[in-house]
Amino acid sequence: MSALSRRDFAKIAASGLTAGRLVPEGDDEVGAVREVMRLHDAGETLGAIAAWLNGNGFTTTEGKAWGHKQVSRVIGARQWYAKAGVIS
């Protein structure tokens with residue numbers, strides 16, 4: 001596995017994960033990331049993905065409701081999540 005670049009770390013930070021916690025913790029966080037990717041791959045809009053997450057009880061790592069920007073940040077970190085084994 002190659003080292004993460006500065007840009008990769010910036011994406012991680014933007015997705016709500018902290019430097020002390022690079023991998024999502026628990027089934028809820030991993031599940032949220034996987035659902036974001038599944039819905040995005042199915043062609044859903046960022047707003048629709050955020051609405052689905054909020055409607056199904058998912059919150060951001062800060063305990064807040066999802067918005068299109070948070071969804072976009074997670075999608076932008078897709079390569080990192082794949083490298084970390086969170087998604088395939």
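How many helices and how many strands does the chain have? I looked up the secondary structure and found five helices and zero strands, taken as DSSP runs (H or I of at least four residues for helices, E of at least two for strands) and numbered from the N terminus.

I note that this is a predicted model, in which local features need pLDDT of at least 70 and side-chain atom pairs count only at pLDDT 80 or more, while totals for chains, interfaces and linings use all residues. Residues are numbered from 1 along each chain as its sequence is written, and side-chain values use heavy atoms, with hydrogens and water left out.

Burial came next. I found that 33% of the 88 residues of the chain are buried (under 20% relative accessible area, with a 1.4 Å probe and protein chains only).

In H4, I listed Val-71, Val-74 and Ile-75 as the buried residues. They line one face of the helix, because they fall within an arc of 100 degrees seen down the axis of H4 (the arc of directions from the helix axis to the C-beta atoms).

Last, I checked Thr-60, in the loop between H3 and H4. Thr-60 is buried, at 13% relative accessible area. Neighbours within four places in sequence aside, Thr-60 is in contact (heavy atoms within 4.5 Å) with Ala-65, Trp-66 and Gln-70.

Definitions and conventions
Buried means under 20% relative accessible area, exposed over 50%, partly exposed in between (1.4 Å probe, protein chains only).
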